[in-house]
Amino acid sequence: HLISLINLNLGKNELKECNKNMINSFMLKQLVISENLLDTINSDCFSNTSLSIIKLNKNILKNVEINLETLKDVNFVYNNLKEINDFTFSKCKNLEILNLNNNRIQIISINAFKSLINLKFLFLENYKLKQLEPDIFKANSNLGHVVLNSNRILKIKPYAFNGIGSIIYSSNLELNNNNLYIVKSYYFTNLTNLIHLSLESNTISIIEELAFSSLHSLQTLNLE
């Protein structure tokens, strides 16, 4: 047993599965399994660890469920995830950084981030998302940086961003390269701590009166 092991790098191999017997160390803090052939992460895969950082980018993951309260930083960039459901990260209450860029996600359930009360950075770039559900970020009052670039977002439902950055002063929201053609008056309500808002490379032709009226802390607005 490698009882003193803190960092483990299994990247660039041909691992096809992960189970709780493969990784059995409560001293381990960082695990890298990038560029392998994993397609599923079950809820018990990391149950015998107290990991803080997991990097699973560039696999072929379709299904993921992680029940690990110690986790603070997780990277799933370049996988085949199609949805984030109520159970994907339901036990990860201490998670601070979640990077899900470059997957195939089309569906994010309304309670997908409900348990992530300490989440600070969320990356949801380059999907096929068309819209966000109301109050999807309601529990994420520590969330200060949200990236939704390169999706297919056509419209934003009322209160979709409710909760973002509500107890921190500096927050950023990026919606570049989507399909927004109108900025409605209710799109960005309650984002009083938002510092930077970027809507670059959309097809905006209409900006309703008072569309940005509640953004009292806004310093940078990009509509290029």
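Is L223 buried, exposed or partly exposed?

1. L223 counts as partly exposed because its relative accessibility is 37%. Buried means under 20% relative accessible area, exposed over 50%, and partly exposed in between (1.4 Å probe, protein chains only). L223 lies in the segment after β16 (220-222).

2. This is a predicted model, in which local features need pLDDT of at least 70, side-chain atom pairs count only at pLDDT 80 or more, and totals for chains, interfaces and linings use all residues. Residues are numbered from 1 along each chain as its sequence is written, and side-chain values use heavy atoms, leaving out hydrogens and water.

3. Together with I207 and L221, L223 makes a nonpolar surface patch of about 230 Å². Patches are made of residues with over 30% relative accessible area and no salt bridge; like charges are joined within 9 Å and nonpolar side chains within 5 Å. A salt bridge is a side-chain nitrogen of Lys or Arg within 4 Å of a carboxyl oxygen of Asp or Glu.

4. A patch of positive charge on the surface gathers K62, K82, R104, K128, K130 and R152. K62 sits in the loop between β4 (53-55) and β5 (63-64). K62 counts as exposed because its relative accessibility is 54%.

5. E174 is in strand β12 (residues 171-174); strands are DSSP runs of E, at least two residues, numbered from the N terminus. E174 counts as partly exposed, at 24% relative accessibility. Leaving aside residues up to four places away in sequence, E174 touches H145, V146, V147, L148, N149 and S198, where contact means heavy atoms within 4.5 Å.

Note on methods
Helices (H or I, at least four residues) and strands (E, at least two) are DSSP runs, numbered from the N terminus. Accessible areas come from the Shrake-Rupley method with a 1.4 Å probe; for residues, only the protein chains shown count as cover. Lys and Arg count as positive and Asp and Glu as negative; His and the chain ends are not counted. The place of a charge is taken as NZ of Lys, CZ of Arg, CG of Asp or CD of Glu.
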